[in-house]
Amino acid sequence: MTDDISEQPDVYAGLLESGLEPIGEVARHIAGWRPRHVVFTARGTSDHAALYAAYLTEIRLGVPAGLASPSAITVYGARPDLRETLAVGVSQSGWSPDLCEVVRVAREQGAHTLAVTNNPASPLAQVAELHVDVAAGHERAVAATKTYTAELLALLLLVESVRGGGRLPEEEKAALHRLPGHAETVLGDPTAEQLAARYRFADRLVTTGRGYAYPTARETALKLMETSYVAALAFSGADLLHGPLAMTQPDVPVIAIVGGGLAGASMRDVVDRLGERKAELVTVGPAGTIRTPEVDERYAPLLDILPLQRLALALALHRGEDPDTPRSLKKVTTTL
């Protein structure tokens with residue numbers, strides 16, 4: 001897991017070097033299709049990448065987007081009318097049977113289909129019309145790290161390329177090419193590992209964020225549960241104020257993703273309310289307990305998750321667990 005996490009700056013650089021042209025070609029197809037709706041289907045970590053893409057799709061393209069419930073098709077046999085829809089399956093391995101079935105049925109029901117995977121030879125890549133390779137390389141640990149951030153970057157490049165009719169503006173390219181350097185800087189900060197020693201005896205933890213940061217909150221909670229077996233609950237900042245705030249108290253750590261954009265500004269009230277409850281609060285962002293660079297908030301999820309992956313790794317080690325092979329976790333989970 002240590003190696004996988006440390007390789008992420010190189011994965012960013014590689015995808016930005018070799019992925020722009022093939023992703024641009026896929027984007028030209030999608031722009032030509034002009035879908036009126038986009039439906040993402042994913043599981044686990046990839047579900048959080050898909051949620052990020054749904055935000056991008058609605059905000060940047062103005063196209064309604066959402067996450068499908070695979071069981072509606074695989075368990076209940078639903079056959080929704082998906083004409084004028086783009087159905088996108090997101091999976092690191094591309095081997096999940098339920099995702100393959102959702103994409104297959106979506107194509108039968110009139111949708112255009114796209115797979116986003118780390119394996120161009122996978123069944124999911126084969127069943128879809130188009131494929132985007134996130135090009136993360138082999139991931140050693142069971143818990144996903146570099147494949148998650150590679151999915152984020154590939155989906156960001158795809159949406160922005162669709163917006164540009166198949167290509168990225170030069171100023172966008174320049175900003176994106178700074179990401180590997182930013183990632184190196186973030187991974188060089190030891191703050192997250194230092195916090196792990198503080199939280200080694202925590203049995204509950206809350207993560208929160210809004211907008212583009214909400215998928216980061218969800219992925220952080222999942223990584224903590226997968227590797228350290230701590231009960232971690234993720235809430236949007238808005239949902240946290242609608243009741244779950246009552247569970248926060250001094251012995252329940254709260255990790256809040258507070259960026260510099262609009263969603264970060266909307267988190268100020270959440271942070272204030274957590275302070276009133278004297279919560280054990282850690283903030284992640286340009287002015288946070290864990291510092292990350294000030295970037296466009298669309299890019300922040302590619303940086304904010306990095307120290308939180310390191311936190312999950314270090315916390316597992318402090319608790320005497322093996323983060324590389326967590327119990328009851330497999331690289332490919334088979335669900336129908």
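Which element gives the largest share of the lining of the second largest pocket? I opened my notebook with that question. The model I looked at is predicted.

**Entry 1: the second largest pocket**

I looked up the lining and found my answer: α8 gives the largest share, with four residues. The pocket holds about 280 Å³ of space. I noted 16 lining residues. Ile30, Pro35, Leu61, Val63 and Val162 lie nearest the centre of this pocket. I then listed the elements that give two or more residues to the lining: α3 (20–33), β1 (37–42), α4 (44–61), β3 (85–91) and α8 (146–163). I also sorted the lining by class. I got 14 nonpolar residues, one polar and one charged.

**Entry 2: the cavity**

How many cavities of 30 Å³ or more does a search of the whole structure find? I found one. About 120 Å³ of space lies in the largest cavity. Its lining has 17 residues, and Gly259, Gly260, Glu297, Ala300 and Asp304 lie nearest the centre. I wrote down α14 (262–266) and α16 as elements that each supply at least two lining residues. By class, I noted eight nonpolar, five polar and four charged residues in the lining of the largest cavity.

**Entry 3: Gln309**

Next I turned to one residue of α16. Gln309 sits in this helix, which covers residues 301–318. Is Gln309 buried or exposed? Its relative accessibility is 0%, so I count Gln309 as buried; the cut-off for buried is under 20%. I then looked up its contacts, leaving out residues up to four places away in sequence. Gln309 touches Met1, Ile5, Gln8, Thr145 and Thr149. With Gln8 there is also a polar contact between side chains, at 2.8 Å. Glu219 is 90 residues from Gln309 along the chain, and their C-alpha atoms are separated by 9.1 Å.

**Entry 4: aromatic rings**

I counted two aromatic pairs. One of them is Tyr52 with Tyr212, an edge-to-face pair. The ring centres are 6.1 Å apart, and the planes make an angle of 65 degrees. Where do the two residues lie? Tyr52 is in helix α4, and Tyr212 is in the loop between β6 (204–209) and α12 (214–228). The pair therefore ties together parts that are 160 residues apart in sequence. Both Tyr52 and Tyr212 are buried.

Note on methods. Residues numbered from 1 in each chain as written. Predicted model: local features only at pLDDT ≥ 70, side-chain atom pairs only at ≥ 80, totals over all residues. Heavy atoms only, no water. 1 Å grid on protein atoms, 1.4 Å probe; cavity = no way out; pocket = protein on both sides within 12 Å on 5 of 7 lines; lining within 4 Å. Points joined across faces, edges and corners; volume = space filled by probe spheres on them. Nonpolar A, V, L, I, M, F, W, Y, C, P; charged D, E, K, R; others polar. Buried < 20%, exposed > 50% of the residue type's maximum accessible area, 1.4 Å probe, protein only. Contact = heavy atoms within 4.5 Å. Polar contact = N/O pair within 3.5 Å; in protein donor to acceptor, adjacent residues only side chain to side chain. Phe/Tyr/Trp six-rings, centres within 6.5 Å; stacked < 30°, edge-to-face > 60°.
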